[in-house]
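User: I am new to this structure. Please walk me through it.

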Amino acid sequence: MTTERETAPMGTRIARFLGDYPLIPLIVLLFALIGVLEFMRPGIFNERWIGNTVKFAIPLAMLAACQTLTMLTGGIDLSAAVAATISAFVMATQVQLVGVPMAIVIGLLPAIAIGLVNGFGVAFCRVHPLIMTLGTGLIGTGCLQVYQRFVIATGSVIPDSLSWLGTGRTWGFPNALVLFVPFAILLIWGQRRTGFGRLLYALGSNETAARISGVRGWQVYLALYALSGLIAGVSGLLYVGLIKAPSLSLVNPLLLPSVAAAVIGGTSIFGGRGGYSGTIVGALILTVLGTLLTLLQMPEGARRILFGLIILAVTTIYIRLTDQR
Amino acid sequence: MTRLISKQGWVLGLLAFLALLFVLTTVIQPDFGISGLDSLSRATLPFAFATAGMAVVVIAGGIDLSVASMMAVAGVSAAVLMDGAGGGGTVLAVVGVLAIGLAMGAINGAAIVYTRVPDIVVTLAMLFVWEGVALLILKAPGGAATPWLRELIVGNVIFPWLPRSFVFLVVCVAVIWIPLSRSRLGLSIYAIGSNELAAYRSGVSVGLTRIAAYAVCGLFAALGGLTLTMSTGIGEPIPGPYLMASVAAVVLGGVVLGGGRGALLGPIIAVFILRLVRMDLTLASVDPNVTTIVEGTIMVVVVMLGGVLAMKGRKT
């Protein structure tokens, strides 16, 4: 085996190496993008810019966590953005009525409820997650619009604690890291080391095999989608602290980028492969790419074209490199 | 044989439901008549074409998230090409828009086949690309539609209760779909949808068939964008809500996500059902926001029931 490996051509060896460490090409790409940015606008790469980039990447990375976790089982969560928006909006409008801690709890409840409905449909009715989450997203949007008419008089308040978390910085670091670092560590540890995390990979690689080995799929799906709803709700709260203006379509523009972040990060949309560490790098790449495209003096249309083409190109190269399907 | 009955049974059930909805409509709004039918049919037109396109790729075992963006591209190119064009120019514009649609779909399909990236991801990326193209063609709503083209979908033909837009829809879909589904290509599309490997081993050229399926989807999307421009008179570069609606109608219409089963009749009836529900709720002066909830609930309940029924069928 060893001799074979040594005599293998350089290209194969590099491909094998990258296949073993899929994060490396992503990080290289991230630094290449930052390099291009620095070349275009010398001096942009400073502490302040890094802080801002990280600040905007964190809500995206959290929303992409919903996509990563569900994609591990071969699913997707298209209702995540709606759940996040609902949490943010409900929280902001309830603050004056019930106080901050209670408002946050009330805000997270509908997001978890959406997740539970998703989980129910996927687990018991065997509905394709794409359809199920699309439908619950529609219902959620409708409910939010109706809810808005009841609270139109109350006005909305963003609690100071959330805007501290969303926009503030301590010693140059964005405060959102206080929430995100434990979250990311928990998720990366959870997906590798806990039974639940391994069940996600098992169900995603081969559902029948997992079932025959005694996995109760429905419990996993129900817990997974409820968790996804909860994460979406929390990321919505964080995002509203950053944007500071709750609206009915607050988080919706982040939905497709969150799917893209998970995919660029190497999570297979068919399940069983990938992980959250790649997604974090994916979210950073997308955020830097956004800045890069904004700096280019281009019409909005051309920017969107480039954004789409780059997502496609990165995914293609990545899939070739790591030889996954 | 039983599968045939159950398949037709779904379409018949949808038809019965649609008829029931029409009865309900006349109960809610006794004035509902010719003009109501006309506006329903005209409002349904772009949704129906988006659904037809989506149905073809879903039958082929794929999905196309860029359908609404392609419609936007077709709509703005139609508006720009027709602006100030005479009779001959308009015909050329229509042919051009349809060609653009075919090309966009073929590019989607080719990207999926040659990059080997999953279809959801490719069409997600192409969604941004086509959206950008539409914005490049026309930054703000503008352009114009030739008036006589507009006549094609306004008013009625032969019978007063037969809206022209409905006839237009039936003719367009029939002209594209009937020859296609009878042809070798149509059979191949069903084949790659139901089992790609089996299709490959029986000599179907999987890649080319997939590209063709996406091209047909692009053609339908172009028709959808064209009718949008025809009915509003201007080109709109921001994609409308056609993606979600078309997926909902395709699933409601009995096309199985994953491919190989279903046809275009069911999804198109389903589109009419969804539009009519929306119209009924508006007529019954229900809050338009509640309408969104009802639409979503119908979709979710139907697919859940469908899933449960499919499981029962597998067990017995």
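User: How many residues of chain A are in contact with chain B?
Analyst: This is a predicted model: local features need pLDDT of at least 70, side-chain atom pairs count only at pLDDT 80 or more, and totals for chains, interfaces and linings use all residues. Residues are numbered from 1 along each chain as its sequence is written, while chains are lettered from A and ligands numbered from 1 in the order in which they are written. Contact requires C-beta atoms, placed from the backbone, within 7 Å. On chain B 38 residues take part, and on chain A the number is 39.

User: Which helix supplies the largest share of the side of chain A that touches chain B?
Analyst: Helices here are DSSP runs (H or I, at least four residues), numbered from the N terminus. H7, H13 (255–264) and H15 (300–322) of chain A each supply at least two residues of that side. The largest share, 14 residues, comes from H15(A).

User: How are H5(A) and H7(A) oriented to each other?
Analyst: H5 (residues 80–98) and H7 (residues 129–150) of chain A pack at about 20°, with axes 9 Å apart. Axes are lines fitted to C-alpha atoms over the stretch in contact, and angles run from 0 to 180 degrees between N-to-C directions. Angles under 35 degrees count as roughly parallel. H5(A) and H7(A) are therefore roughly parallel.

User: What share of chain B counts as buried?
Analyst: Buried means 20 or more other C-beta atoms within 10 Å of a residue's own, with C-beta atoms placed from the backbone. Chain B has 316 residues, and the buried share is 49%.

Conventions: Angles under 35 degrees count as roughly parallel, over 145 as roughly antiparallel, 65 to 115 as roughly perpendicular and the rest as oblique. Two residues are in contact if their C-beta atoms, placed from the backbone, lie within 7 Å. A residue is buried if 20 or more other C-beta atoms lie within 10 Å of its own, exposed if 12 or fewer, and partly exposed in between; C-beta atoms are placed from the backbone.
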